[in-house]
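This report describes one protein model for a reader who meets it here for the first time. Please keep the sequence and the structure in view while reading.

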Amino acid sequence: MLKTAFQEELLEAGCDEAGRGWIVFELPEATHIGKIVWSRDREGQFDDRRPTAYTLEAGLSLDALRTLVNLPPSRPAVNARRNTDRFTPTRARRVRFTIRATSNLEPCLDELEVFDTDARNVALAREGTKATSSGDTVVPHIHDLTHLN
């Protein structure tokens, strides 16, 4: 499986504000997407800072994002190793993952994959996808946005 993981390293998305943050992927071209797979730590070493509320949005531009998944606060914390959100396929060039609350501290993800309707991961940096976030703590060899995809 193709993946956007940097398995033992962490991205602190939204580290400037405890419990909140976002990540945006700009795909190289518009494509139909139907599934997003993500994790806090696929290796199972870390179980903290898991989202307890989040929104997934996608669209052709940031001004035209449509909500795909909206999980409000008070839901049980997600699985640290793997989470899959499936939705009606939608045409998108931009995908935003917004974390609204966490189990504790700043949000932290180490993997985010965006799949088209042919089950191809379209969020890979080597394919031209660009990632931005609401804030990053860059610690050498640990926290770096470029490790996410």
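## A buried aspartate

With a relative accessible area of 7%, D116 is buried (buried means under 20% relative accessible area, exposed over 50% and partly exposed in between, with a 1.4 Å probe and protein chains only). This residue has its place in strand 5; strands are DSSP runs of E with at least two residues, helices are runs of H or I with at least four, and both are numbered from the N terminus.

The side chain of D116 reaches the backbone nitrogen of D118 at 2.9 Å. Not counting residues up to four places away in sequence, D116 touches T31, H32, I33, G34 and V122, where contact means heavy atoms within 4.5 Å.

## Basis of the model

The model is predicted: local features need pLDDT of at least 70, side-chain atom pairs count only at pLDDT 80 or more, and totals for chains, interfaces and linings use all residues. Residues are numbered from 1 along each chain as its sequence is written, and side-chain values use heavy atoms, with hydrogens and water left out.

## Overall architecture

The protein has 6 strands and 0 helices, and from the N terminus on its elements run β-β-β-β-β-β. Of its 149 residues, 49% count as buried. Among contacts between residues at least 6 apart in sequence, 82% join residues at least 24 apart.

The protein exposes about 7200 Å², of which carbon and sulfur atoms supply 46%. Such areas come from the Shrake-Rupley method with a 1.4 Å probe, and for residues only the protein chains shown count as cover.

## The nonpolar core

A nonpolar core is a set of buried Ala, Val, Leu, Ile, Met, Phe, Trp, Tyr and Cys residues joined through side-chain atoms within 4.5 Å. The largest one here has 22 residues, among which I33, I36, W38, F97 and V114 touch the most other members. At least two residues of this core come from each of strand 1 (21–39), strand 2 (51–59), strand 3 (66–71), strand 4 (83–102) and strand 5 (111–116). Strand 1 supplies the largest share, 6 residues.

What is I36 in contact with, leaving aside its neighbours within four places in sequence? The residues are L56, N83, T84, D85, F87, V95, L112, E113 and V114.

## Aromatic pairs and a charge over a ring

The structure holds 3 aromatic pairs. Rings of Phe, Tyr and Trp (its six-membered ring) pair if their centres lie within 6.5 Å; planes under 30 degrees apart count as stacked, over 60 as edge-to-face and the rest as tilted. W38 and F97 form an edge-to-face pair, 4.9 Å centre to centre with 70° between the planes. This pair links distant parts of the chain, since W38 lies in strand 1 and F97 in strand 4, 59 residues apart. W38 counts as buried because its relative accessibility is 0%, and F97 counts as buried at 1%.

The rings of Y54 and F97 are stacked, because their centres are 5.2 Å apart and their planes stand at 10°. Y54 lies in strand 2 and F97 in strand 4, so this pair ties together parts that are 43 residues apart in sequence. Y54 is buried, with a relative accessible area of 3%. Together, W38, Y54 and F97 form one aromatic cluster.

Elsewhere, the charged end of K35 sits over the ring of F115, 4.9 Å from its centre. This description applies if NZ of Lys or CZ of Arg is within 6 Å of the ring centre and within 35 degrees of the ring normal.

How values were computed. A polar contact is a pair of N or O atoms within 3.5 Å; within protein, one must be able to donate a hydrogen and the other to accept it, and residues adjacent in sequence count only if both atoms are side-chain atoms.
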